[in-house]
Amino acid sequence: MRRDDRDDPFDDIFREIERMMEDMMADGQRLDRGDKSGFASSTHVDVHETEDAIRVIADLPGVEKADISIQCDGTSVTVSAQSGHREYDERVDLPGRVDAHSGAATYNNGILEVAFDRTESSTNIDVQ
C-alpha cells in the first residue's frame, strides 16, 4: 500500500518553509555544497563597538595564522585566509572610522579578533 501525500498534515508546512528559505536566499546566494569561498556560507563575523574601539571577530576554522591577511582603510576591514579546503575573502564595513595603523590582531583556536582605535570623523583646523 502506498502512502497518499495529499493526506500528510505536515506537507503544507514543509512547502512553506522551503518557500521562505528560497525567499531569504533570493538575493543571489544559494546553498551550494560545492562553494569554497566567502564568509557567507559558514563563517560567523561579529563587529563590536565601544566609545574608544571597534573589534571584528571572525570564525576561521582550519586556517593557519600564517595564511591570514588583514587590510584596513579606516572605514572597512578586508580579511583574506586560505586553508587546505577553503578560501575566505570578506570585506566588513565598520560602524565608524578607525585608525588603520592602530590595528592589532590575535588568532586563537580558529577565532580571529582584530581591534582598532576609533578616530574623530573630522578634525579642527586652526586658521593662521
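## Starting at serine 102

Contact here means heavy atoms within 4.5 Å. Serine 102 sits in the loop between β5 (87-93) and β6 (104-108). Its side chain also reaches the backbone oxygen of aspartate 99, at 2.7 Å.

A note before going on: this is a predicted model, where local features need pLDDT of at least 70, side-chain atom pairs count only at pLDDT 80 or more, and totals for chains, interfaces and linings use all residues. Residues are numbered from 1 along each chain as its sequence is written, and side-chain values use heavy atoms, with hydrogens and water left out.

## The overall layout

The protein chain has one helix and seven strands, and from the N terminus on they run α-β-β-β-β-β-β-β. Helices (H or I, at least four residues) and strands (E, at least two) are DSSP runs, numbered from the N terminus.

How do β1 and β2 run? They are antiparallel, joined by five bridges, and they form a hairpin with three residues between them. Two strands count as paired if DSSP finds at least two bridges between them. Within this pair, valine 47 stands opposite valine 56 in β2.

Among contacts between residues at least 6 apart in sequence, 44% join residues at least 24 apart.

## What's inside

Of the chain's 128 residues, 23% count as buried. Buried means under 20% relative accessible area, exposed means over 50%, and partly exposed is in between (1.4 Å probe, protein chains only).

Which residues have the most contacts inside the largest nonpolar core? They are Leu60, Val63, Ile68 and Leu112, in a core of 15 residues. The elements giving two or more residues to this core are β2 (53-59), β4 (76-82) and β7 (111-117). Such a core is a set of buried Ala, Val, Leu, Ile, Met, Phe, Trp, Tyr and Cys residues joined through side-chain atoms within 4.5 Å. Take isoleucine 68: not counting residues up to four places away in sequence, isoleucine 68 touches Leu60, Val63, Val79, Ser80, Ala81, Tyr107 and Leu112.

## Charged pairs

Side chains of opposite charge can pair when their charged atoms come close. A search of the whole structure turns up three salt bridges, each being a side-chain nitrogen of Lys or Arg within 4 Å of a carboxyl oxygen of Asp or Glu. One links glutamate 49 with arginine 118, whose closest N and O atoms are 2.2 Å apart. Glutamate 49 lies in strand β1 (residues 45-49) and arginine 118 in the segment after β7, so this pair ties together parts that are 69 residues apart in sequence. Glutamate 49 is partly exposed at 47% relative accessibility, and arginine 118 is partly exposed at 27%.

Glutamate 113 and arginine 55 meet in another salt bridge (2.8 Å, N to O). Because glutamate 113 lies in strand β7 and arginine 55 in strand β2, the pair ties together parts 58 residues apart in sequence. Aspartate 93 and arginine 91 also form one, at 3.7 Å, N to O, and both of these residues are exposed.

The predictor's confidence in each residue is its pLDDT, from 0 to 100. The chain's mean is 79, with 74% of residues reaching 70 or more. Among the elements, helix α1 (residues 11-24) has the lowest mean pLDDT (76) and β6 the highest (95). Over residues 28-41 the pLDDT is below 50, and this stretch has 20 contacts in the model beyond near neighbours in sequence. Where pLDDT is low, the predicted coordinates should not be read in detail.

How values were computed:
Polar contact = N/O pair within 3.5 Å; in protein donor to acceptor, adjacent residues only side chain to side chain.
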